[in-house]
Amino acid sequence: MRHLLLILAVALLPLALPAQQMWPTTKVHDGGPSNNRLDIVILGDGYTAGQIPLFHTHVTNFINHLLGVTPYDRYPNWINIWRVDVESAQSGADHPAPCYSNPILVNTALNSKYCTGGTQRCVTADTAISLATAFLNVPEYDKVVVLVNDPEYGGCASTIATSTAVHSAANEVITHEMGHSVFSLADEYWSNGTTYTGGELAQVNVTNQDAASIAATQTKWHSWLGIENVNAFEGGRYYQFGIWRPRNQCKMRSLGQTFCPVCREKITETLWSKVIVPDAVTPSPPGPYGSGGAFSVTLPALGNGTLVAHWLLDGQEVSQGTTTTVGNQTTYSFVPGPFLAGSLGTSNLDLVIEDDTTYYRKASPWEPLSTLSWIVTDAAPDYAVQNPSFATVPTRRGELFTITDTVINGGATGGPPIRVGYYLSTDTNITTSDRLIGFRTIPSLAPGASSTATTPCRIPIDGLSTLFNYHVGVIVDDEGAAYEQNEADNVAEVPGLPALDLSNTLSPDALLVPYGSPQTISFVFDAGAAHAGEDFYIFPSATAPGAGTDFGVFVGTAPFTFDPLSFMVTDGTLGPPFFNGFQGQLDASGQTVATLFKPALPNPGAGTTLWFFALTTATNPSDGSVSVPILSTVPILFFF
Ligand SMILES: [Zn+2]
């Protein structure tokens, strides 16, 4: 585990490199986009073609270990790990003289050998070949780790980290060696009887100063003194005297220990330095943008703990916004909304991301993305509805009709896509608590733009009462998607709805159908010539109606969700979606045959049956007292 100097690796460069080749390569740990992550490539050496599955096992075991080590466990998505299945002609690594009296030399792709620099446990792969192999297979790589298929204990690091993958301590050895090659940490162990007399050391976790000197000079880990058992302990970087380390124990001194706070801070700082910008910023700074939209920043998702988002308007923190994690990324977002009390103007919106951790005691290491600024304005869209009218006027329940209306954006900016809802109310106060009977959607409208459309709606079959005079109204943005300059001009009644004829009584009929295999179901209506032109409807439901009960109240009973509005889209057809039912019209002689195909259905539970209801809307009130006969090839249950 000796930390080789870079000069040694350079000295070992061969004069000519053998041709490298492509190997099967897999991103085995996906933290995010490689241009914004630390990309570690793991190469195997001394694995024959038949031992590649063993290499996969070694890599998986190592990743599971590494991502459990602090601080990797907090920042798993700051890292990508790639596996390159390098095959060797022979298994193992070289065990050369002078460390071994009976040297063993094997032919491996990366020329790994123990006894580098005369130290038996210093196993190293050929740096130049390893780097070339990594670059060829994973051009976006940052650092290389070589796992050697040899059971003898050993690991060494310089530009790359090399370790046995077979020894029981392998995963800890690799983690330690990456401390050198990826994070420039020094070994914190020593040889007895040695004294260092040189100058200050480059690595953050060793120094030639004792604790008093560190505190006096405000250098090295002075900000950690007295915290988490950090002090200055003499002995480190191979010398017993004259070099001090931060804590008595550390993974850079002994395997199985945690990283000391100073090493942990260095790893944290380096991981953050690889996430140089947010993965996404919406919208792109600086703006100006309307205050009604969402502002968001996407970063890698933490493995534990929190990043705190501070949203500030003109320097005043107003919110910590909302946090949404999907996969390996977390998005921090905020909608400023109205903040100038209706007047138009601009403000500065700042987002400060704070890594709420004790791992770091220096200034923010994530300076490039710690603050983002936009200019926001209270200029907003203003949707209003104009001139709603009935294109066709309904007169009775169950009837399909149409409304024509115009929605205009009279505001200063565009807005998000919105929905226009049509509602049936028992009074002239139209609200979203009334009954939705139709809707349309409008894409984003530019300032001054308008949208005119004629939209199908339906008077409900059920739940109506002769106690009320009904009203139909339009509500623009009834789902509240847009923040508007004026929210008070979004509602209008559609004038001219006549008193609805609710006297018609429906004649529902039910067909009981088993679950399971697909089948074709036929309904034969024979209502007699007097019923020519009547509408008929067929619906599925999971619950049978009781005698004398209005059919409509059962539509939509669990486990099926059934939107009475949606069957308008299948009027007169048998097309999908299956559960939407369909509608047709009795022919000139008052008869028709309706056929639908029932696909195989998952049974929602033992004892549950699926019902199909057929009904007609009677234009002749006298139909209320008679049943409509239905003939069918399958058993039918009738309800009146
Ligand atoms: Zn340490």
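Visitor: Helix H4, is it buried or exposed, and why?
Guide: In this predicted model, 11 of the 12 residues of H4 are buried, so the helix is largely enclosed by the rest of the structure.

Visitor: Which residues of H4 are the buried ones?
Guide: They are Ala170, Glu172, Val173, Ile174, Thr175, His176, Glu177, Met178, Gly179, His180 and Ser181.

Visitor: And what covers them?
Guide: The cover includes helix H2 (52–66) and strand E2 (38–45), together with strands E4 (143–148), E5 (155–157) and E6 (161–164).

Visitor: How far does H4 reach from its first C-alpha to its last?
Guide: Helix H4, which runs over residues 170–181, reaches 16 Å between those two atoms, and that is close to the 16 Å expected at 1.5 Å a residue.

Visitor: Changing topic, what are the protein donors of the zinc ion?
Guide: The zinc ion has Glu188 (OE), Cys250 (SG), Cys260 (SG) and Cys263 (SG) as its protein donors, at 1.9 to 2.4 Å from the ion, and along the chain these donors follow the spacing E-x61-C-x9-C-x2-C.

Visitor: Where do Cys250 and Cys260 sit?
Guide: Both lie in the loop between strand E9 (238–245) and helix H6 (261–274), 10 residues apart, and both Cys250 and Cys260 are buried.

Visitor: What is the geometry of the zinc site?
Guide: The site is tetrahedral, with angles of 101 to 125 degrees among its 4 donor atoms.

Visitor: Stepping back, how many helices and strands does the protein chain have?
Guide: The chain has 7 helices and 33 strands, and of its 640 residues, 49% count as buried.

Methods
Residues numbered from 1 in each chain as written. Predicted model: local features only at pLDDT ≥ 70, side-chain atom pairs only at ≥ 80, totals over all residues. Heavy atoms only, no water. Helix = DSSP H or I, 4+ residues; strand = E, 2+ residues; numbered from the N terminus. Expected span 1.5 Å × (residues − 1). Buried < 20%, exposed > 50% of the residue type's maximum accessible area, 1.4 Å probe, protein only. Contact = heavy atoms within 4.5 Å. Donors = N, O, S within 2.8 Å, 3.2 Å for Na, K, Ca; no water. Tetrahedral: all angles 85-135°; square planar, octahedral: opposite > 155°, others 65-115°.
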